[in-house]
Each structure stands twice: as structure tokens, then as C-alpha cells.
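Dear colleague,

I am handing over the structure below, and after it I set out what was found in it. Please read the text with the structure open beside it.

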Amino acid sequence: VTIRNFTIKNTTDSKNCAGVVANNVCNCIIENCIFKSNYDGILFKYVSNSTIKNNSFTSQYNNGISLWYSNDNVIIDNTYINNNNTGVCLINSTSNKLCHNNFINNTIHAYDNGNNIWNISYPYGGNYWDDWTTPDEYKGPNQTVLGADGIVDKPKSIEGGSNKDYYPFTTENGWTCYGPVHN
């Protein structure tokens, strides 16, 4: 299934209702969509090998994206603004890759109790978090070489477990290198 170039808004505000709901499927693509004022923007349950790319999630009643028991998905180049609960919520989901996303003014930017990847290797970076923008005094894979590089020197911890974004960006859309996940 491919969903592209839609505006999806004002779905009911009851649980398990979202702008897009996918259950027990694989190889979905959701891109270039606007999600506004839904319960969840996207709700995936038991979904794998899918891509959520270049979407905006604004003012969802619950979460921008919710993944439950969903593995091996790519979530990239999305923006999450003013979502009432969480920008991205991953529950019992593993091996998902999340990078080059903008997290702005959400109640909680991200929750992840699984084992997921929140950045690409240096210098391709991770995500932008409006509450994690400084310091940027060092550069390099270990952020130990003097000189700014647009990546915050300290990793950003993700709520819910031990996951981290090791290369958070200092500015929204701050990435200039795209890396292998964009293919």
C-alpha cells in the first residue's frame, strides 16, 4: 500500500482510531502527507518493512506516530509539532530506523521501550529536538575534536528505555548529508 500527497485530518478522538491504521501488513509507504487533529496520525500494529517519509504531524490528540509490535521500518524526514502526547511512540517494536525528523513542542517528543536506531552514523546524524540544541563545541564521530559541526555534543536519551540519538542536530532540518537510509 502506498499513501502519498494527502491531507488527513479530524478523525475521531477515540483509541485505535487514526488518520492511517495498518495492522499485520508489510511494505507500506506513507509519504508527503499532512496529518492534523487526529487521535493518532499513524497507528501501526504488527507492521514491518515500511517507510514513513516526509510527512507532518500537527496537533494530534494522542501521538503523531504509534508503532506497536512493529519492526524493521524506516521513519525519516518527518516533522512533529504540538502533539498532545508524543511525537513518536514505539511500544514493543524493534529494529526501526528513525532519523532526520524534527521534534517541536510536543508534550513528549519520543517514547521507545524497544531496541531501535535513532541516528545514522556520523556525519549523517540523527534528529532535531527543540529541547536539545546545545552545546556544539566539538565535531567528529565521538564529538571530541574542537570545532562545531551542527551536531549537539551530547547524545539525547529517548524516554522509555536506553535508546539514544547519538547525533542530534542543533537546528531544524540541519542535515546536509543524507546517508544510506534515504535510498
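Lysine 156 is buried in this predicted model, because its relative accessible area is 11% and the cut-off for burial is under 20%. Its side chain meets that of aspartate 131 in a salt bridge, with 3.3 Å from N to O. Aspartate 131 lies in the loop between β17 (128-129) and β18 (138-139), while lysine 156 belongs to strand β20 (residues 156-157), so the pair ties together parts that are 25 residues apart in sequence. Aspartate 131, at 45% relative accessibility, counts as partly exposed.

A search of the whole structure finds two salt bridges, and the other one joins the side chains of glutamate 31 and arginine 4 at 2.5 Å, N to O. Here glutamate 31 sits in strand β4 (residues 29-31) and arginine 4 in strand β1 (residues 2-4), so this pair ties together parts that are 27 residues apart in sequence. Glutamate 31 counts as buried at 15% relative accessibility, whereas arginine 4, with a relative accessible area of 37%, is partly exposed.

Tryptophan 118 lies in the loop between β16 (115-117) and β17, and tryptophan 129 in strand β17 itself, so the pair ties together parts that are eleven residues apart in sequence. Both tryptophans count as buried, tryptophan 118 at 1% relative accessibility and tryptophan 129 at 0%.

The rings of tyrosine 122 and tyrosine 167 have their centres 5.6 Å apart and their planes at 55°, so this pair is tilted. It links distant parts of the chain, with tyrosine 122 in the loop between β16 and β17 and tyrosine 167 in the segment after β21 (164-165), 45 residues apart. Tyrosine 122 is partly exposed, with a relative accessible area of 23%, while tyrosine 167 counts as buried at 11% relative accessibility.

Tryptophan 118 and tryptophan 129 also belong to one aromatic cluster, together with Phe35, Phe57, Tyr80 and Phe103. Two members of that cluster, Tyr80 and Phe103, bring us to the strands, where tyrosine 80 stands opposite phenylalanine 103 in β14. Strand β11 (residues 79-81) and strand β14 (residues 102-104) pair in the parallel sense over three bridges. These two strands are part of an open sheet of six strands, in the order β2-β5-β8-β11-β14-β17, with parallel pairing. The edge strands of the sheet are β2 (7-9) and β17, each of which pairs on one side only.

The largest nonpolar core has 24 residues, and those with the most contacts inside it are Ile30, Phe35, Ile42, Phe44, Ile65, Val88 and Trp118. The elements that give two or more residues to this core are β3 (18-23), β6 (40-45), β9 (63-68) and β12 (86-91). Leaving aside its neighbours within four places in sequence, isoleucine 42 is in contact with a list of residues that includes Ala18, Val20, Ile30, Phe35, Ile52, Phe57 and Ile65.

With kind regards

Note on methods
Residues are numbered from 1 along each chain as its sequence is written. This is a predicted model: local features need pLDDT of at least 70, side-chain atom pairs count only at pLDDT 80 or more; totals for chains, interfaces and linings use all residues. Side-chain values use heavy atoms; hydrogens and water are left out. A salt bridge is a side-chain nitrogen of Lys or Arg within 4 Å of a carboxyl oxygen of Asp or Glu. Helices (H or I, at least four residues) and strands (E, at least two) are DSSP runs, numbered from the N terminus. Buried means under 20% relative accessible area, exposed over 50%, partly exposed in between (1.4 Å probe, protein chains only). Rings of Phe, Tyr and Trp (its six-membered ring) pair if their centres lie within 6.5 Å; planes under 30 degrees apart count as stacked, over 60 as edge-to-face and the rest as tilted. A nonpolar core is a set of buried Ala, Val, Leu, Ile, Met, Phe, Trp, Tyr and Cys residues joined through side-chain atoms within 4.5 Å. Contact means heavy atoms within 4.5 Å. Two strands pair if DSSP finds at least two bridges between them.
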